[in-house]
Amino acid sequence: MKSFTHVIADPAGLHARPAGMLAKEAVGYKSTITLTAPGGSADAKRLMAIMRLAAKQGMELTVTCSGEDEDAAAAGLEKFLKENL
């Protein structure tokens, strides 16, 4: 299992467009990917679950990847979050 944290820098928070892009990125991996925020946790492959987190600017997300490609998933999602949120 691999995990990392990311603080949301986007002034609009984790809104629909980046949430959709995040889900699309996560679907590309076989691992189970979970996002945890102060509002709860969500399957990163499900757009509506991500939206329910209601993550705002300054909130910390913990991303946990577990499975056969967890190293690649963690690295890819960390890169994605740094570039987009």
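These legends describe views of a predicted protein model.

**View 1. Fold of the protein chain.** Helices (H or I, at least four residues) and strands (E, at least two) are DSSP runs, numbered from the N terminus. Along the principal axes, the C-alpha atoms fill a box of roughly 35 × 20 × 20 Å.

**View 2. The largest nonpolar core.** This core has 26 residues. A nonpolar core is a set of buried Ala, Val, Leu, Ile, Met, Phe, Trp, Tyr and Cys residues joined through side-chain atoms within 4.5 Å; buried means under 20% relative accessible area with a 1.4 Å probe, protein chains only. L14, I33, V63 and L77 have the most contacts inside the core. At least two residues each come from α1 (16–27), β2 (32–37), α2 (47–52), β4 (60–66) and α3 (70–84). α3 gives the most, 5 residues.

**View 3. Surroundings of L14.** Leaving out residues up to four places away in sequence, L14 touches I8, A19, I50, M51, A55, L61 and L85. Contact means heavy atoms within 4.5 Å.

**Notes.** Residues are numbered from 1 along each chain as its sequence is written. Local features need pLDDT of at least 70, side-chain atom pairs count only at pLDDT 80 or more, totals for chains, interfaces and linings use all residues, and side-chain values use heavy atoms, without hydrogens and water.

Note on methods
Buried < 20%, exposed > 50% of the residue type's maximum accessible area, 1.4 Å probe, protein only.
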